[in-house]
Amino acid sequence: MKDSFWGIFIISVGIITMVIIFFFQELTTTDEQIYTLLRETTESAMYDAIDYGVLTQSKTIKINREKFVENFVRRFAQSATLQNTYQIDIYDVSETPPKVSLKVSTKKSTTATNEVITFDLINKLDAIMETPY
């Protein structure tokens, strides 16, 4: 009888450990996916927002602020997962030199312990466009 209780104890500790590992792995993967999406979307939106009229006339890189915001939100919405709610805060868009500061935050929650636990995932990015000109 004593040995069977030890077996039940070891199996239950293993199951609890697997649930904890699964939850934190999902949380970490979600954070990495959002950061990668943020970085790639920002870079693509900055290249889309280049003002080629100014580039051909004065050989200086300048981005259009409104075009950047439009492209960023569209690209982010196309690639983001639908199960999360995102809040996008764009702090600074400098046209020359092209620089962007933004933050994307979302909430992740679980009920693994029969209690709702909520985590705030916040990703901040400051991007400066580097070009050969």
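**Exercise 1. Salt bridges between strands**

Which salt bridge do the side chains of Lys107 and Asp120 meet in, and at what distance, N to O?

*Solution.* Before starting, note that this is a predicted model, in which local features need pLDDT of at least 70, side-chain atom pairs count only at pLDDT 80 or more, and totals for chains, interfaces and linings use all residues. Residues are numbered from 1 along each chain as its sequence is written, and side-chain values use heavy atoms, with hydrogens and water left out.

Step 1: recall the rule, a side-chain nitrogen of Lys or Arg within 4 Å of a carboxyl oxygen of Asp or Glu. Step 2: look at the pair; Lys107 and Asp120 form a salt bridge with an N to O distance of 3.4 Å. The pair links distant parts of the chain, with Lys107 in strand β2 and Asp120 in strand β3 (residues 117-128), 13 residues apart. Strands (E, at least two residues) and helices (H or I, at least four) are DSSP runs, numbered from the N terminus.

Step 2: check the surroundings. Both Lys107 and Asp120 are exposed. Here exposed means over 50% relative accessible area, buried means under 20%, and partly exposed lies in between (1.4 Å probe, protein chains only).

Step 3: Asp89 and Lys103 meet through their side chains in a salt bridge of 3.8 Å, N to O. Asp89 belongs to strand β1 and Lys103 to strand β2, so this pair ties together parts that are 14 residues apart in sequence. Lys103 counts as buried, because its relative accessibility is 16%.

**Exercise 2. A salt bridge between helices**

*Solution.* Arg75 sits in helix α3 and Asp48 in helix α1, so the bridge ties together parts 27 residues apart in sequence. Step 3: Arg75 is partly exposed at a relative accessible area of 26%, and Asp48 is partly exposed at 28%.

**Exercise 3. The two sides of α3**

Work out which residues of α3 are buried and which are exposed on the other side.

*Solution.* Step 1: check the helix itself. Helix α3 (residues 65-79) has 15 residues, and at 1.5 Å a residue they should span 21 Å; the end C-alpha atoms are 21 Å apart, which agrees. The expected span is 1.5 Å times one less than the number of residues.

Step 1: list the buried residues of α3, namely Phe68, Asn71, Phe72 and Phe76. They cover an arc of only 125° around the axis, which puts them on the same side of α3. The arc is that of the directions from the helix axis to the C-beta atoms.

Step 2: Step 4: look at the N-terminal end, which Asn64 caps with a side-chain oxygen 3.3 Å from the backbone nitrogen of Glu66.

**Exercise 4. Threonines in α1**

Are Thr41 and Thr30 buried or exposed?

*Solution.* Step 1: Thr41 is in helix α1 and is buried, with a relative accessible area of 5%. Step 2: Thr30 is in helix α1 too, and is buried at 9%.

Step 1: Thr41 and Asn71 are 30 residues apart in sequence, with 8.6 Å between their C-alpha atoms. Thr30 and Thr81 are 51 residues apart along the chain, and their C-alpha atoms are separated by 9.7 Å.

Terms used:
Polar contact = N/O pair within 3.5 Å; in protein donor to acceptor, adjacent residues only side chain to side chain.
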